[in-house]
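Thank you all for coming. Please have a look at the sequence and the model on the screen while I talk us through a few parts of it.

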Amino acid sequence: MNAKQVKKDIWWVGVKDWNLVEFHGYSTPRGSTYNSYLIMDDKITLVDGVKHYLSDEMIARVKSVTDFSKIAYVVVNHVEMDHSGNIPEVMKLAPQAVIITNAAGKRALDEHFDTSNWQFQIIKTGDTVSIGKRTLSFVTTPMLHWPDSMMTYIAEEKLLLSNDGFGQHYCTDALFVKEAPFDVVMDEAKRYYANILFPYGAQAQKALNTAHDLNLDIEMIAPSHGCIWQGEEVKKILDNYCRWSSGENQGKAVVVYDTMWGATAKMAEVVTSVFEDAGIPVVKRCLSMAHISDVITDFMDAKYVAIGTPTLNNELFPRVAAFVTYMKGLQPKNKKAFAFASYGWKPGVVNQIQAVYEQLGWETIPPFEEKYTPKADVLEKLKEHVKTIIA
Ligand code: FEO
C-alpha cells in the first residue's frame with residue numbers, strides 16, 4: 001500500500017472503498033475513495049483523514065513516504081466521518097501535529113471525539129500558513145457539505161484541495177481524471193452534486209465567487225472523493241458547478257411513479273406521452289426499478305416534474321413517499337410540477353405531493369386523481385390537463 005505521486009513532493013495517501021454500495025442512502029454502484037494528501041515540505045502536512053475502517057490502508061500509504069512523528073500539521077477540511085473517522089488514530093500516531101481547521105470544524109471535532117490532548121490552529125477564509133516552500137490558504141465553504149467544510153489552496157502549486165466539492169463517488173485504479181473515461185467521471189460528479197450538494201446552490205455560488213475574488217489560479221483540483229481534475233478538465237468541472245448551482249436546467253421532463261395494479265402506470269404513460277408529443281425530452285422512472293439517487297439526478301436537467309402514486313392504506317405508496325421525502329430534503333429549484341394518483345375508496349393522498357411542491361416554491365397545476373382504473377375518457381382528460389403545464 002504505497003502512496004501515489006500527485007505532484008513533486010505531494011502524495012495521494014487515500015484509500016479505496018471498492019465495496020461501498022451506498023453512502024447515507026445514495027447508491028454508489030462504482031464505490032468511492034476517501035482521498036488524503038501528504039505534502040512533503042519543511043513542515044510536513046497531511047490533508048484530511050479517511051473512514052475509520054480503512055485507516056490501516058491510509059497509515060501504510062503515509063508510512064511509505066514518511067514517519068508520522070515528522071508530521072507538523074493535519075488539515076481537517078471537513079469533519080464528516082468519511083474524512084475524520086481515522087483522525088483520532090492519526091493523532092495517536094502524530095501527537096505533535098497541530099490540527100488546522102476553522103471554528104466550526106473545531107467545534108465538530110470536539111463533539112465527535114476526545115480532543116482534549118489535540119493542538120489546534122483555527123483559521124478563517126483568506127488566512128495563510130507557511131509550511132516552507134509552500135503556503136496554504138483557506139476558503140471556508142459552509143454547507144458544502146457541512147457547516148465546517150472548507151477547502152485548502154496552495155498557490156505555488158496552483159492546487160485546490162477541495163474536499164467534498166468537485167468529488168465523485170467513483171473507485172477506480174485511476175488517480176487522475178485523464179486516466180479514466182471522462183464521461184463516467186463527469187456523470188459521477190453530477191450524481192454527487194445532485195445527491196449531496198443540491199440544497200446548497202447558493203452556498204456553492206458564494207464559494208465560487210470567493211475563489212474568484214481571491215484570484216485563485218487553479219490548475220489542479222484534488223477532491224477527497226474520486227479522481228483529480230487537471231488543465232482543461234478544471235474549467236469543465238468549474239463551469240458545470242456554476243451551471244448546476246445556478247438552478248439552470250435543460251428544459252427536460254421527468255415522470256416518477258410507482259404502481260400497485262397498473263392504474264398509476266397507465267397514467268404515467270399518458271403523462272409521458274404528452275411531454276414526448278410536445279417535443280420535450282422526457283424520462284419515465286418507476287420507483288420499483290430506479291434508485292432514488294438516479295431519479296434525483298434526472299432533476300438536474302428537468303424543468304417539468306410529474307409524480308404519480310397509488311394509494312395504500314390511505315397514504316402515499318411507500319416508495320413514492322420515500323422519494324418525495326428525499327426530494328424535499330434536496331430542494332431542487334425552479335420546477336413546474338404536477339401530481340397524479342390512483343385510489344380505491346378514499347381520494348386525497350395526492351395532496352401530500354402537491355403540498356411538498358408548494359413548500360419547494362414550485363409552479364404547479366392542480367393534481368389529478370382517479371378511482372381504480374382510468375378509462376379512455378379519463379386518460380383523455382388527463383392528457384388535456386397535463387398540456388396546461390407546458391406553456
Ligand atoms: Fe465526503 Fe460530507 O463527506
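This is a predicted model: local features need pLDDT of at least 70, side-chain atom pairs count only at pLDDT 80 or more; totals for chains, interfaces and linings use all residues.

Residues are numbered from 1 along each chain as its sequence is written, and side-chain values use heavy atoms, with hydrogens and water left out.

Helices (H or I, at least four residues) and strands (E, at least two) are DSSP runs, numbered from the N terminus, and two strands pair if DSSP finds at least two bridges between them.

Let me begin with the open sheet of seven strands, whose order is β1-β2-β7-β8-β9-β10-β11 and whose pairing is mixed. At its edges stand β1 (4-7) and β11 (119-122), each with a single partner strand, so one side of each is left without a neighbour in the sheet. Within this sheet, β9 (residues 71-75) and β10 (residues 98-101) pair in the parallel sense over three bridges, and Val 75 is found opposite Ile 100 in β10.

The other sheet, also open and with mixed pairing, has six strands in the order β12-β13-β14-β15-β16-β17. Its edge strands, β12 (128-130) and β17 (229-230), each pair on one side only. Three bridges join β12 to β13 (residues 135-140), and these strands run antiparallel, with Thr 128 opposite Ser 137 in β13.

Leaving aside residues up to four places away in sequence, Ala 108 touches Val 79 and Asp 148, contact meaning heavy atoms within 4.5 Å.

Helix α5 (residues 182-197) is mostly covered, since 13 of its 16 residues are buried.

Finally, in helix α11 (residues 350-359), the buried residues are Val 350, Ile 353, Gln 354, Val 356 and Tyr 357. The face of α11 turned away from its buried side carries the exposed residues Glu 358 and Gln 359. Among the elements that cover the buried residues of α11 are α10 (318-330) and β22 (336-343), and just after α11, Gly 361 takes a positive phi of about 75 degrees.

Note on methods. Buried means under 20% relative accessible area, exposed over 50%, partly exposed in between (1.4 Å probe, protein chains only).
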